[in-house]
Amino acid sequence: MSNTIASTSTTASATDEPKIKIRGLDKRFDVSGGHVVTALESFDLDVPQGQFLTIVGPSGCGKTTLLRMLAGLEAATSGTIEVNGGTAGRPENSMVFQGDSIFPWMSVWDNAAYGLAVRGASRSEIKDTVGHYLDATGLTKFADAYPHQLSGGMRQRVSIARAFANDPEILLMDEPFSALDEQNKTLLQAELLRIWDESRKTVVFITHSVDEAVTLSDRIMVMSAQPGTAKAFIDVPFERPRDVLELRHRPEYGAIVYDIWQQLREEVERAKQQAEAKKAPTRRGLFRR
Ligand SMILES: Nc1ncnc2c1ncn2[C@@H]1O[C@H](COP(=O)(O)OP(=O)(O)OP(=O)(O)O)[C@@H](O)[C@H]1O
């Protein structure tokens, strides 16, 4: 069965439909030697409109594969993905990756303006929107700079400005801060939350950091080791807007981090065993032992 990524024009709030609805999603990769990797199996997920959902799970459990399928970059083996409430003229999604996802040959301004320009937004809309998001990410002074002239943190700010300026239905973020040092990471988390608070877009965010997940999210999904399924959902009850640093002092914060680790530990262990099994030699070496 082929992939089905459907967009409907009904608004999610009007129908109480989740913004993202995934049913029975399977993804298998045919790899060399006739082997098949089952990345996702019987995967179901609802993400309500405006929710900041973060996915954590062991390496190889299918997080990126899921995000790529949500972005329409990868076809499902079977199952359906629906993104509800599409508005004519607005893109369905914008994606921010771990590495550089901006164009190296474009200035900061042009990178941030790219999505709007491609869909024919007026000059004044581009000026206002890009101006707003460069300001919100502290990049106004660097509007004419090129990516190679910026630090890693600033390049990720450009990615974020571009993603929000694009005004997509959903935002997909794959470990956007994982390459940054701790200080930059904390600053960018706070900036992301501040910008997100203005629009409360539906976000699906992937991270390996349990702290980051608790800091940013409304809800956290813990995935099982391969094949990836939704193992547990944890609600994060903290009010918004959030103070990223203050949050970490609260006893409830520690309790949620602990809860997630409890869910994750078994899966990380299972993923490790799977990786060891793959590494185990399947035939004898060259020399007699
Ligand atoms: N194009 C591909 N061809 C073959 N196998 C693939 C392909 N893409 C992903 N896989 C496999 O699918 C599984 C899930 O990969 P994926 O990258 O989604 O995991 P992940 O949870 O994002 O991992 P990590 O946390 O390490 O980034 C892995 O076993 C991976 O090797």
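Biologist: How many helices and strands does the protein chain have?
Modeller: The protein chain has nine helices and ten strands. Helices (H or I, at least four residues) and strands (E, at least two) are DSSP runs, numbered from the N terminus.

Biologist: And how does its radius of gyration sit against the globule rule?
Modeller: The radius of gyration is 20 Å, close to the 19 Å that the globule rule gives for 289 residues, so the chain is as compact as a globular protein of that length. The radius is taken over C-alpha atoms, and the rule is 2.2 Å times the number of residues to the power 0.38.

Biologist: What kind of model is this?
Modeller: This is a predicted model: local features need pLDDT of at least 70, side-chain atom pairs count only at pLDDT 80 or more, and totals for chains, interfaces and linings use all residues. Residues are numbered from 1 along each chain as its sequence is written.

Biologist: What share of the chain is buried?
Modeller: Buried residues make up 36% of the 289 residues. A residue is buried if 20 or more other C-beta atoms lie within 10 Å of its own, exposed if 12 or fewer, and partly exposed in between, with C-beta atoms placed from the backbone.

Biologist: Take α5. Is it mostly covered or exposed?
Modeller: Mostly covered: eleven of the 14 residues of α5 are buried. Among them are Arg155, Ile160 and Phe164.

Biologist: What do they pack against?
Modeller: The buried residues of α5 pack against β6 (93–96), α3 (108–118), α4 (123–136), β7 (170–174) and α6 (182–199). A contact here means C-beta atoms, placed from the backbone, within 7 Å.

Biologist: Which residues touch the most others in the largest nonpolar core?
Modeller: Of its 64 residues, Ala112, Ala161 and Val204 touch the most other members. The largest share of this core, six residues, comes from α5. Such a core is a set of buried Ala, Val, Leu, Ile, Met, Phe, Trp, Tyr and Cys residues joined through C-beta atoms within 7 Å.

Biologist: Which residues does Ala161 touch?
Modeller: Not counting residues up to four places away in sequence, Ala161 touches Ala112, Tyr133, Leu134, Thr137 and Leu139.

Biologist: Switching to the ligand. Which residues come nearest?
Modeller: Of the 13 residues around the ligand, Phe29, Ser59, Lys63, Thr64 and Thr65 come nearest. A residue counts as near if its C-beta atom, placed from the backbone, lies within 6 Å.

Biologist: Where does the largest share of that shell come from?
Modeller: From α2, with three residues. β2 (20–31), β3 (35–47) and α2 (63–70) each supply at least two.

Note on methods. Two residues are in contact if their C-beta atoms, placed from the backbone, lie within 7 Å.
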